Amino acid sequence: MNKSILSYALFPATLALASCSAASPGDSVVSTPANGIVGGEPFALEGDMPFNATSHGTFNEGWALAVEPGTGNLFITEKGGTAKFYNPVSGTTLDISGMPEVAYGGQGGLGDVAFAPDYATSGTVYLTWAKAAEGDARRAVAARGQFSCDAQACAVTGLTQIWQQEPAIDSPGHFSHKLAFSPDGQHLFISSGERMQGEPAQDISNTLGTVVRLNLDGSPAAGNPFAGQGSPTNQIWSYGHRNMLGLQFDTNGQLWDLEHGPRGGDEINKVTPGSNYGWPTRSNGINYNGDPIPDHSADDGFTKPAIYWTPVIAPGDFIFYDGDMFPQWRGQALIVALATTSLVRVATNAAGTGTATEEARYTFPSRLRDIAQAADGSLWVLEDGPRGKLLHLTAAQ
């Protein structure tokens, strides 16, 4: 099947000649135009904003979005277990079949999506979700399969589980399960939340509250800091985390995570191998019941956050911007937030102090769940909730 549905409305003759059986992974009907996004409804933003916005439909508890390489089309997961494929040139939205059965409830459901580093030739896509286990237990899992589309339908086929969080826990929250590929395309990183359990994040005999580093097939990667200690410890890259809803490499190849604190203490961390980030022994927030948690201190032995927020912003996800539309933002983190309904712009200093500084905050009408960068440097932002809008942001004229 042809993966691209980029220009059905514009190039019918090309489509008539296209054959599902003739196309190989990575084939496109046409190349992506420099700025071919059409349609969308004007979307009003208040205040002095550096961008204009248009709305491109609504999604039912949209959780993650990814831009398909080579086409600019969007793969959007919905928490309840469905997924959509949106063509911004034609304005077409198609259902994606082949989604897994998910354990929906609380923070659980269908999670992240990422196109493989070799997607142009392999057609491989990775997905995460919350999966039911014994009794009422559930766990985060990751899988990979083949993605394809034609003019009428899209599908993920051959979906095969390659990783699971250990152990399964009777809890509805903190799955995290965000995906990131190393810049060289050789390794898969997954954020594994501590499932609202706290103390297991300090125990490396499990993968709760960790970032894991795997080969692309899900096996533990050579060179992990605890490689000689057996499974699942040999998967762990870093630990002492809480609920990581962002996991990204910056433009210099450094890995960072974006993490929910309790009451206070949302944070960005520079993620380095073998490091312990302190949860739940240290946090710059307090417990939900008001009980104190010791703040980080210079001599506590834990890796400190690059930046933290109290009150919280409740982050949805983030990217490191490297586009041309907002050149002054290159290298900075763009965070979408739930509690503050905002896009937060942060400058990091990975090579120097490992700290970060909030540069600006842009307020939106609703909670924001995810963000992605288009090829032309414009931004896609996904609202949270049952009828969350897909917004396209371009530089204000």
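The count comes to 11 salt bridges, a salt bridge being a side-chain nitrogen of Lys or Arg within 4 Å of a carboxyl oxygen of Asp or Glu. The model is a predicted one, so local features need pLDDT of at least 70 and side-chain atom pairs count only at pLDDT 80 or more, while totals for chains, interfaces and linings use all residues. Residues are numbered from 1 along each chain as its sequence is written, and side-chain values use heavy atoms, with hydrogens and water left out.

One of these pairs is D112 with K178, whose closest N and O atoms sit 3.8 Å apart. D112 belongs to strand β7 (residues 110–115) and K178 to strand β11 (residues 176–181), so the bridge ties together parts 66 residues apart in sequence. Strands here are DSSP runs of E, at least two residues long, and helices are runs of H or I of at least four, numbered from the N terminus. D112 is buried at 6% relative accessibility, and K178 is buried too, at 2%. Buried means under 20% relative accessible area, exposed over 50%, and partly exposed in between, with a 1.4 Å probe and protein chains only.

Next up is D300 with R282, at 3.6 Å between the closest N and O atoms. Both residues lie in the loop between β17 (266–270) and β18 (307–309), 18 residues apart. D300 counts as buried, with 12% relative accessibility.

Then there is D324 with R330, where the closest N and O atoms are 2.8 Å apart. D324 is exposed at 57% relative accessible area, whereas R330 is partly exposed at 45%. As for shared partners, salt bridges join D112, K178 and D317 into one network.
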